[in-house]
Amino acid sequence: MAGIIGVSNNPVSGMTIASLIVSAVVLKSMGYSGNSGMVAVMMIGVIICMILAVAGAMSQSLKTGYILGAKPKIQQISSVISVLVSTVAICGVVYLLNSAWQLGSKELPAPQATLMKVVTEGIMGDTLPWNLILIGVAIAITVQLAGIPAMTLCLGIYLPAATTSAIMVGGVISWVVSKLKMSKEKRELTDQKGILFVSGLIAGEGLVGIMLALFTVCLLYTSPSPRDRQKSRMPSSACKKKKKQK
């Protein structure tokens, strides 16, 4: 729906990383260091990230409600309820994913979380290469002035190839469809159908991931341990001998 009525640019990841850098520098100058300093920086980053995400979702919701004729008061009440419900749901999903594959592993790389960890530890431990940060800022300003979205370029650099390659394939398909000859009305209808289709793919991928994590956790807790499996493979006579020895 957001793609059909217009998208609000809300770079949550970029603003969160920027807030982590600023808050880490400020806290470091105030004498905070070690684990306590890193925890304080991460708490500030989490609060700012949630503010950005909720504000972006709320502005999009109010825009949609204005087009449909909804009452802003009802929308705000429903948004508060959705925030409370999603807080519990997301905590459960993150715990489930971590129990199944562990955050930061090959199956669940979590590049954004890894980047935030590196930035926070680097600033608080005086190991962050500031020259690379400044070079990245200069490159971002240059490409932005050249008309290239800097955020898209940065995401393509630090996200894993498995993610960026899929985005590239989707971009190529969209570009090919845009080159097809069709009327203006048919093109708009095609764009709307395409957006709804890929929205379903995104939602389905997330649901499938949660289901796979749930199955993995269930198998971990229900399947016998390696020691139990070894005991079950032993013949009954060997088990009796082992009991007599004890």
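Student: How many helices and how many strands are there in the chain, and what makes a stretch a helix or a strand?

Tutor: There are eleven helices and zero strands in the chain. Helices are DSSP runs of H or I with at least four residues, strands are runs of E with at least two, and both are numbered from the N terminus. From the N terminus on, the order is α-α-α-α-α-α-α-α-α-α-α. The model is predicted: local features need pLDDT of at least 70 and side-chain atom pairs count only at pLDDT 80 or more, whereas totals for chains, interfaces and linings use all residues. Residues are numbered from 1 along each chain as its sequence is written, and side-chain values use heavy atoms, with hydrogens and water left out.

Student: Why is T120 called buried?

Tutor: Buried means under 20% relative accessible area, exposed over 50%, and partly exposed in between, with a 1.4 Å probe and protein chains only. T120 has 2% relative accessibility and therefore counts as buried. T120 lies in helix α5. Of the 246 residues of the chain, 15% count as buried.

Student: Why is G125 called partly exposed?

Tutor: G125 has 41% relative accessibility, so it counts as partly exposed. This residue is in the loop between α5 and α6 (130-145). G125 and M38 are 87 residues apart in sequence, yet their C-alpha atoms are 9.4 Å apart in space.

Student: Which residues does T120 touch, and what makes a contact?

Tutor: Contact means heavy atoms within 4.5 Å. Not counting residues up to four places away in sequence, T120 touches L20, M38, V41 and M42. With that same exclusion, L20 touches V41, M42, G45, M116 and T120.

Student: What makes a set of residues a nonpolar core, and which residues form the largest one?

Tutor: A nonpolar core is a set of buried Ala, Val, Leu, Ile, Met, Phe, Trp, Tyr and Cys residues joined through side-chain atoms within 4.5 Å. The largest has eleven residues: I17, L20, I21, A24, L27, V41, M116, V119, I123, M124 and L128. Two or more residues each come from α2 (12-29) and α5 (111-124), and α2 gives the most, with five. Another core, of six residues, lies apart from it and includes L96, A100, L108 and A213.

Student: Why is α2 described as roughly parallel to α5?

Tutor: The axes of α2 and α5 come within 9 Å and cross at roughly 15°. Angles under 35 degrees count as roughly parallel, over 145 as roughly antiparallel, 65 to 115 as roughly perpendicular and the rest as oblique. Therefore α2 is roughly parallel to α5. Axes are lines fitted to C-alpha atoms, for helices over the stretch in contact, and angles run from 0 to 180 degrees between N-to-C directions.

Student: Which residues of α2 meet α5, and how do they divide by class?

Tutor: S13, T16, I17, L20, I21, A24, V25 and K28 in α2 meet Q112, L115, M116, V119, T120, I123 and M124 in α5. This contact has ten nonpolar, four polar and one charged residues. Ala, Val, Leu, Ile, Met, Phe, Trp, Tyr, Cys and Pro count as nonpolar, Asp, Glu, Lys and Arg as charged, and the others, Gly among them, as polar.

Student: Why is α3 called oblique to α5?

Tutor: Helix α3 (residues 34-68) and α5 pack at an angle of about 135°, with their axes 10 Å apart. By the angle classes given above, α3 is therefore oblique to α5. In this contact, G37, M38, V41 and M42 in α3 meet T120, E121 and M124 in α5. The residues divide into four nonpolar, two polar and one charged.
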